[in-house]
Every structure is written in C-alpha cells, then in structure tokens.
Amino acid sequence: MTTPSGDRLEDDYWRRPPAAPGGAAPGPVRPAGAGGAGPAAGYGGPPPSTAPPPGWRPPVRLRVAPPRHLPPQDTTGLDTEEQRAQRVTWSVGGVAAVVLVALVCLLCSRAIF
C-alpha cells in the first residue's frame, strides 16, 4: 500500500473536501467535468417534461383471429383407458411385490439354516 502524495489530479474527485470554517459539514462537491469543484447548489428536481401530442401512436390495424374450437372429448373412452392403465399398474406392482417377498423369504431361510 502506498501513501497518497497528492500529485495526481484524477484523485482529486475522490479526496475529502476541505473542512469548512466553524465546524460545519462541507456540502457535496461536483465532479471536475461538470463545471469544476465546489459546493453544489442542491438538487433542482428532474427536468421538465412535455406531454406527447394526441394521436402520436400509429393506428393498430391488426385483427386477432377468433379462438379455435377444441374437438369434443370422448369421456367414456377416456374412462376405459384410465381403468386399463390402472389395472396394468396394479398388476406390475403385484408382480414386483411377489418377487420381493420371495427374495426376502429366500434370504431369511439361508440366514437361518
């Protein structure tokens, strides 16, 4: 780490302003590019804005297509497919349970005998 020597001008912006007489806190300092260093006059608020003239947007000529109709659902067919899928799921689960029970019985019989 080096000690500041005060030779570099680009460090002046970051340097603490000199103490004001009477112990009052110094005001904000403007950067060198904004008209030199010195106390700022304060925030004057945002610049005034003017409203755009009426009708400044281009007219919209896009027509949206009406929504499409979905095909009717076959609720009885959906129910039968769901029941068939449920039977397959229960069948696969039952077979897996039987295999697991057989394996546990086989392992326990080997451990006992």
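I started with E81, which is partly exposed at a relative accessible area of 46%. For the cut-offs, buried is under 20% relative accessible area, exposed is over 50%, and partly exposed is in between (1.4 Å probe, protein chains only).

Before going on, I noted that this is a predicted model, where local features need pLDDT of at least 70, side-chain atom pairs count only at pLDDT 80 or more, and totals for chains, interfaces and linings use all residues. Residues are numbered from 1 along each chain as its sequence is written, and side-chain values use heavy atoms, with hydrogens and water left out.

**Salt bridge**

I looked for E81's partner and found R84, with the closest N and O atoms 3.2 Å apart in a salt bridge. The rule I used is a side-chain nitrogen of Lys or Arg within 4 Å of a carboxyl oxygen of Asp or Glu. R84 is partly exposed too, at 45% relative accessibility. Both E81 and R84 sit in helix α1, three residues apart, about one turn of the helix. Searching the whole structure gave me one salt bridge.

**Fold and surface**

I then checked the protein chain and got one helix and zero strands. Helices (H or I, at least four residues) and strands (E, at least two) are DSSP runs, numbered from the N terminus. Of the chain's 113 residues, 1% count as buried. The chain exposes about 11,500 Å², and carbon and sulfur atoms supply 65% of that; areas are Shrake-Rupley with a 1.4 Å probe, and for residues only the protein chains shown count as cover.

I also found a nonpolar surface patch of about 470 Å², made by V95, V99, L100, L103 and L106. Patch residues have over 30% relative accessible area and no salt bridge, with nonpolar side chains (Val, Leu, Ile, Met, Phe, Trp, Tyr) joined within 5 Å and like charges within 9 Å. V95 is in helix α1 (residues 75-112) and is exposed at 54% relative accessible area.

**Cysteines**

Last, I counted disulfides (cysteine sulfur pairs within 2.5 Å) and got zero. The C105 sulfur has its closest cysteine sulfur in C108, 6.8 Å away, so that is too far for a bond. C108 is partly exposed, with a relative accessible area of 41%.
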